[in-house]
Amino acid sequence: MSKTNNIKKTTILLMIINLISRILGFIKEMTIAKVFGRNSVTDAFFAAFTIPDVMYDLLVVGALSSGFMPVFNQHLAKDDEEGAWKAANTFITVALIFIVIFNILYYAFAKYLIPLVAIGNAKDPATYALTVKLTRFMTVSVSFAVCAGLSMGVLNSYKIFTAPALGPVMYNVGIILGAIILGGKFGIFGLAAGVIFGAFLNFGVQIPNFIKVGKRFRLELNTQNESYKRMIRLMGPAILGLAITRINLVVNQNIASILDQGSITGLRYAQRIMMLPVGIFGASVSTAVFPILNAHIARKEYDEYKAVISQGLRTLIFITIPASVGLMVLNKPIVRLLFKTGKFTEQDVLVTAFALVFYAIGILGQCAIPVLIRSFYSMQDTKTPVKIGAGIVLFNITLNLLFVKFSSLAIGGIALSNSLAAVLQMIVLYRILGKKVNGLKTREVLVSLSKSIISSVAMGIVVYLTSFGIDKVLGNASKLAQLINVGVSIGLGVIVYVACAYLLKMEELQDAVKMIKKRRK
């Protein structure tokens with residue numbers, strides 16, 4: 001099987017698993033909305049996630065993507081498995097020691113850290129106290145999450161994607177069980193217990209595969225190993241870049257915390273819907289192409305390297321442009337279907353849907369950024385994304401302050417700032433990467449973008465008219481009416497988009513059709 005088909009096959013498999021995970025994620029969010037609503041309690045719960053999420057991103061996403069996997073893959077590409085594990089053993093050992101120390105310090109100083117991530121919560125004594133308690137209670141979940149991330153990095157390097165992709169599925173299952181079984185009796189702490197259980201399941205599902213490939217693994221501290229040193233040198237700038245980028249989310253949350261009560265929750269729910277295509281498609285493509293990019297660079301196959309980047313970006317364009325238009329057109333019906341139940345009211349729907357429109361603008365950027373950053377990482381260049389990320393953070397903060405102070409957009413302004421920053425970051429990363437490798441396949445990408453926009457506009461018109469007509473006939477009071485509205489509108493939208501893509505002879509559609517025919521044979 002060719003490398004191109006391998007990428008497509010892996011991407012489709014990951015998309016299917018990620019789709020299941022995202023569906024469960026929405027069931028999780030719907031359950032939380034039904035049981036707890038959109039209020040100060042949910043604001044406290046989501047704020048308590050912030051710093052553990054930051055640490056997970058820095059240690060797992062940043063360290064693995066930028067330092068661990070490029071060096072580990074380079075050894076594997078040269079059939080030097082022993083050298084790969086000598087570096088990996090020390091890297092994993094150091095990471096485990098670090099996370100234990102972090103947990104202890106984080107538990108001890110939690111009450112001093114909350115104002116940094118949700119200043120509005122700190123102004124209300126009851127919300128502040130609840131946020132601190134939840135933060136301390138869920139600290140142990142960070143350890144399981146980091147172990148899951150370390151295992152994922154190793155397994156993905158061996159081209160094992162299924163088990164790591166199933167991890168988030170199990171994570172969502174754990175949280176759902178916590179909300180349903182324990183939420184009624186223990187309140188928000190029952191939900192927090194579900195987070196811990198889900199984090200454990202995320203790691204547990206990967207253990208069998210890790211045991212198979214990790215026969216050389218052992219705890220050791222050989223910090224003089226040259227490959228380990230290279231991992232540390234590479235991950236330093238990337239962690240700094242992620243830390244800078246994470247400031248965006250902290251700033252967004254802080255600003256939301258000083259707006260109306262429940263703003264953090266409304267912003268989160270809108271972001272979760274926006275993250276559906278990002279998590280399914282963006283994560284799938286970046287995960288599938290990263291080991292292949294590393295291998296091409298290790299073998300100095302630069303034409304193949306450019307082809308993989310082009311294919312990844314064109315795949316994302318083909319899928320995310322219609323997804324963005326669809327979310328903007330169906331913002332209220334989708335939010336109403338997913339979240340309007342129990343304590344989540346129609347007013348909550350309107351607030352969340354308003355933010356969703358602005359979040360949808362940046363979906364392509366959010367999906368393309370990981371692919372482009374990992375393209376730099378595969379060349380062991382971790383400094384360039386940091387410099388770009390620092391400028392983007394300043395851009396985002398400036399826009400946030402301008403929109404909140406001089407407009408009535410409220411959390412919509414926060415979402416719009418986030419989207420514009422993502423689009424700008426995508427463009428700058430692409431331009432600089434192109435210069436670094438003496439040109440990318442830009443013409444192919446622009447042709448796909450143009451055809452996808454034309455097809456999506458036609459689709460959007462049909463979707464809007466369909467949804468409007470169904471709403472007039474059936475109303476939106478019942479879940480059945482909401483489901484018919486969203487389901488029929490999306491179904492017709494897909495048909496229109498595929499038809500337009502066929503008429504415009506989009507290569508991505510032709511590739512998909514060929515793959516389906518091949519699978520049927």
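Colleague: Let's start with Lys-479. What makes Lys-479 count as partly exposed?

Modeller: Happy to. This is a predicted model, and in it Lys-479 lies in helix H21. Its relative accessibility is 36%. Buried would need a value under 20% and exposed one over 50%, so Lys-479 falls in between and counts as partly exposed.

Colleague: And which residues does Lys-479 touch, leaving out those up to four places away in sequence?

Modeller: Lys-479 touches Arg-336, Leu-337, Leu-338 and Lys-340. Take Leu-337: it is 142 residues from Lys-479 in sequence, yet the two C-alpha atoms are 6.6 Å apart in space.

Colleague: Since we are in H21, how do you know whether H20 and H21 are roughly parallel or antiparallel to each other?

Modeller: From the packing angle. Helix H20 (residues 442-474) and helix H21 (residues 479-503) pack at about 155 degrees, and their axes are 8 Å apart. Angles over 145 degrees count as roughly antiparallel, and therefore H20 and H21 are roughly antiparallel to each other. The crossing in which H20 passes H21 is right-handed.

Colleague: Which residues of H20 and H21 meet?

Modeller: On the H20 side they include Ser-452, Ser-456, Met-459, Val-463, Ile-470 and Leu-474, and on the H21 side Ile-484, Val-488, Leu-492, Val-496 and Tyr-497 are among them. By class, the contact of H20 with H21 divides into 14 nonpolar residues, eight polar and one charged.

Colleague: H14 packs with H20 too. Why is H14 called roughly parallel to H20?

Modeller: Helix H14 (residues 302-329) and H20 pack at an angle of about 20 degrees, with 9 Å between their axes. The limit for roughly parallel is under 35 degrees, so H14 is roughly parallel to H20. Their crossing is right-handed.

Colleague: What makes the contact of H14 and H20, residue by residue?

Modeller: From H14 come, among others, Arg-314, Ile-317, Phe-318, Ile-321 and Val-325; H20 brings residues including Glu-444, Ser-452, Ser-456, Met-459 and Val-463. The classes in the contact of H14 with H20 are 12 nonpolar, six polar and two charged.

Colleague: Now H9 and H10. What makes H9 roughly antiparallel to H10?

Modeller: The axes of helix H9 (residues 162-186) and helix H10 (residues 188-204) come within 6 Å and cross at roughly 155 degrees. That angle lies over the limit of 145 degrees, which means H9 is roughly antiparallel to H10. H9 passes H10 in a right-handed crossing.

Colleague: And how many nonpolar, polar and charged residues has the contact of H9 with H10?

Modeller: The contact of H9 with H10 has 16 nonpolar and eight polar residues, with no charged ones. Gly-167, Gly-174, Gly-178 and Gly-183 are among those from H9, while H10 contributes residues including Gly-190, Gly-194 and Gly-198.

Colleague: On to the interior. How do you know whether Val-289 is buried or exposed?

Modeller: Val-289, which is found in helix H13, has a relative accessible area of 2%. The limit for buried is under 20%, so Val-289 is buried. Its C-alpha atom is 7.0 Å from that of Val-308, 19 residues away along the chain.

Colleague: Which residues have the most contacts inside the largest nonpolar core?

Modeller: Phe-45, Leu-134, Ile-273 and Phe-339, in a core of 123 residues. Helix H13 (residues 263-298) gives the most to this core, with 15 residues. Another core, of five residues, lies apart from it, with Ile-17, Leu-24, Ala-165 and Val-169 among its members. As for Leu-134, residues it touches beyond four places in sequence include Phe-45, Ile-188 and Phe-189.

Colleague: Last one, on the loops. What makes Asp-79 and Asn-438 count as exposed?

Modeller: The cut-off for exposed is over 50%. Asp-79 is at 73% relative accessibility, so it counts as exposed; Asn-438, at 72%, therefore counts as exposed too. Asp-79 lies in the loop between helix H3 (50-77) and helix H4 (81-108), and Asn-438 in the loop between helix H19 (411-436) and H20.

Colleague: And what is phi of Asp-79?

Modeller: Near 60 degrees, a positive value in a residue other than glycine. Phi of Asn-438 is likewise near 60 degrees. Most residues other than glycine have a negative phi.

How values were computed
Residues are numbered from 1 along each chain as its sequence is written. This is a predicted model: local features need pLDDT of at least 70, side-chain atom pairs count only at pLDDT 80 or more; totals for chains, interfaces and linings use all residues. Side-chain values use heavy atoms; hydrogens and water are left out. A nonpolar core is a set of buried Ala, Val, Leu, Ile, Met, Phe, Trp, Tyr and Cys residues joined through side-chain atoms within 4.5 Å. Buried means under 20% relative accessible area, exposed over 50%, partly exposed in between (1.4 Å probe, protein chains only). Helices (H or I, at least four residues) and strands (E, at least two) are DSSP runs, numbered from the N terminus. Contact means heavy atoms within 4.5 Å. Axes are lines fitted to C-alpha atoms, for helices over the stretch in contact, and angles run from 0 to 180 degrees between N-to-C directions. Angles under 35 degrees count as roughly parallel, over 145 as roughly antiparallel, 65 to 115 as roughly perpendicular and the rest as oblique. A crossing is left-handed if the near helix is turned anticlockwise from the far one by less than a right angle, and right-handed if clockwise. Ala, Val, Leu, Ile, Met, Phe, Trp, Tyr, Cys and Pro count as nonpolar, Asp, Glu, Lys and Arg as charged, and the others, Gly among them, as polar.
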